[in-house]
Amino acid sequence: MDCKYFGKCGSCTLYDLNYEEQKQFKIDDMKKAFAAFGIKEFEWHSSKISHYRSRAEFMVYHDKDNISYAMHRLDKNGKLPIDKCPKTDEKIFDLMPELLAYIEKSDILRKNLFGVEFLSSKDEVLVVLLYHKKLDDIWTDAAKECAEEFRIKIIGRSRNIKISLSEDFVKERLHVEQKRYLYNIHEGSFSQPNRGVNEQMIGWIAKNISDTKRTDLLELYCGHGNFTIALSSLFGKVLATEISKSSIHAAKVNAALNGVENISFVRLSSEELTDALKSKREFKRLEGVDIFSYDFTHVLIDPPRAGLDEASREFVKRFPNIIYISCNPQTLERDLTDLTKTHKVVRFALFDQFPYTKHIESGVMLERL
Ligand SMILES: C[S@@+](CC[C@H](N)C(=O)[O-])C[C@H]1O[C@@H](n2cnc3c(N)ncnc32)[C@H](O)[C@@H]1O
């Protein structure tokens, strides 16, 4: 990937290394961090080196009546105006300058605009325009014309206001191990940013899951069912939980889109689920779900950067197989230090979701000792 903002834009920190060198840098880093676990080799999963991001957000920089997108500068010295970003997928990349030129010419769309978020699927783009002003009918008419001009979905957001001109999601198709899955991916909820690497993550879990003999899967932090739906055919039943109401709603719709009927999606935080399964608390949200009827042999966890809290760590130790997807090597290292008191690491994969940055996603499979 080549970018005229390399060395200036704070988004790419490994801009002076080619892809092979970036890979080696990340592997060396992880070898050091996880030396105590005796990991000699990682299974490496590459990304496309450009146009890999299906979601991206930019600040908007105003200079009188001119606007540009902006990123934080690498030297942390304010904002860097940019016109496009080669990390974004081709549809977003092509749209960025044309959309900006259109917005710049419209007083209504331009004034008080402070951010633009893009979300794309293989076929669609959704744009969220963020404002420091009230959005009225005049804004709605102008935004509708813009949406028609570029054949995109537009959402306007300002404090406590959300105006959706059409659906607030994109329809995505993922291909995993010769199977096709459909997902509605919503603006405002978590989704994996790198489509190709996400397909590899789902495939890696599905391929390496030990023979389940149709036992049951428990998933915490399930989001919109990204892993759940593709893994459900390997298990008898699945209980999948997540804290976000909108993600659970999307997960139920996504299960129906794929004709999957053996998953119960329940809005519960990992802490609440732990309490429910220990019979410490009862939840109305679990009505109709007999959590004690499951024969869980596998637990799948994909927590936010903070990793697992102490109670959740203790809780997942009760399952024979733990599948841990992590976006933060530091909290993963802390959690594995504890989990390897009862389990051993049997696979460790690295998924390069963000080339040209130091970020790395990990997949770890553990079996009870
Ligand atoms: C890294 S995302 C993973 C989502 C999903 N596995 C995917 O691949 O799209 C983490 C998810 O955990 C959810 N979450 C955050 N804190 C949580 C908590 N305490 N309990 C349960 N879910 C939580 C977030 O809403 C988010 O959907």
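Strands β6 (residues 125-131) and β7 (residues 153-158) run parallel and are joined by five bridges. One of the paired positions can be found directly in this predicted model: V127 has I154 in β7 as its bridge partner.

These two strands belong to an open sheet of seven strands. Reading across the sheet, the order is β4-β3-β2-β5-β6-β7-β8, and the pairing is mixed. At the edges are β4 (79-82) and β8 (161-164), each of which pairs on one side only. From one strand to the next, the twist averages 30°.

Helices pack on this sheet. Helix α2 (residues 90-105) touches β2 (55-63), β3 (66-72), β5 (113-120) and β6. The direction of α2 makes about 140° with that of β3. Helix α4 (residues 137-150) lies across β6, β7 and β8, and α4 runs at about 150° to β7.

Which sense of pairing does β17 have with strand β15 (residues 321-326)? The two pair in the antiparallel sense, over six bridges. S326 stands opposite S362 of β17. Strand β16 (residues 343-351) also runs antiparallel to β17, and eight bridges join them. Two positions show this pairing: F351 has E361 in β17 as its bridge partner, and V345 stands opposite L366 in β17.

How many of the eight residues of strand β17 (residues 361-368) are buried? Six of them are, so the strand is largely enclosed by the rest of the structure.

Helix α8 (residues 270-277) contains D275. Is D275 buried or exposed? Its relative accessible area is 17%, and buried means under 20%, so D275 counts as buried. Not counting residues up to four places away in sequence, D275 touches K280 and R281.

R313 lies in helix α9 (residues 310-316). With a relative accessible area of 11%, R313 is buried. Leaving aside neighbours within four places in sequence, R313 is in contact with L308, R334, D335, D338 and L339.

E177 has a positive phi of about 50°, although it is not a glycine. E177 lies in the loop between β9 (169-176) and β10 (179-186). Its relative accessibility is 45%, so E177 counts as partly exposed. R214 is also a residue other than glycine with a positive phi, near 60°. The loop that holds R214 runs between α5 (195-208) and β11 (216-220).

The last stop is a pocket. Rolling a probe the size of a water molecule over the atoms shows where empty space is left. The second largest pocket has a volume of about 300 Å³. Its lining consists of 14 residues, of which D29, P329, Q330, K358 and I360 lie nearest the centre. The elements that give two or more residues to this lining are α1 (19-33) and α10 (329-339). Which element supplies the largest share of the lining? That is α1, with five residues. By type, the lining of the second largest pocket divides into six nonpolar, three polar and five charged residues.

Notes. Residues numbered from 1 in each chain as written. Predicted model: local features only at pLDDT ≥ 70, side-chain atom pairs only at ≥ 80, totals over all residues. Heavy atoms only, no water. Pairing = 2+ DSSP bridges. Helix = DSSP H or I, 4+ residues; strand = E, 2+ residues; numbered from the N terminus. Axes fitted to C-alpha atoms, helices over the stretch in contact; angles between N-to-C directions. Contact = heavy atoms within 4.5 Å. Buried < 20%, exposed > 50% of the residue type's maximum accessible area, 1.4 Å probe, protein only. 1 Å grid on protein atoms, 1.4 Å probe; cavity = no way out; pocket = protein on both sides within 12 Å on 5 of 7 lines; lining within 4 Å. Points joined across faces, edges and corners; volume = space filled by probe spheres on them. Nonpolar A, V, L, I, M, F, W, Y, C, P; charged D, E, K, R; others polar.
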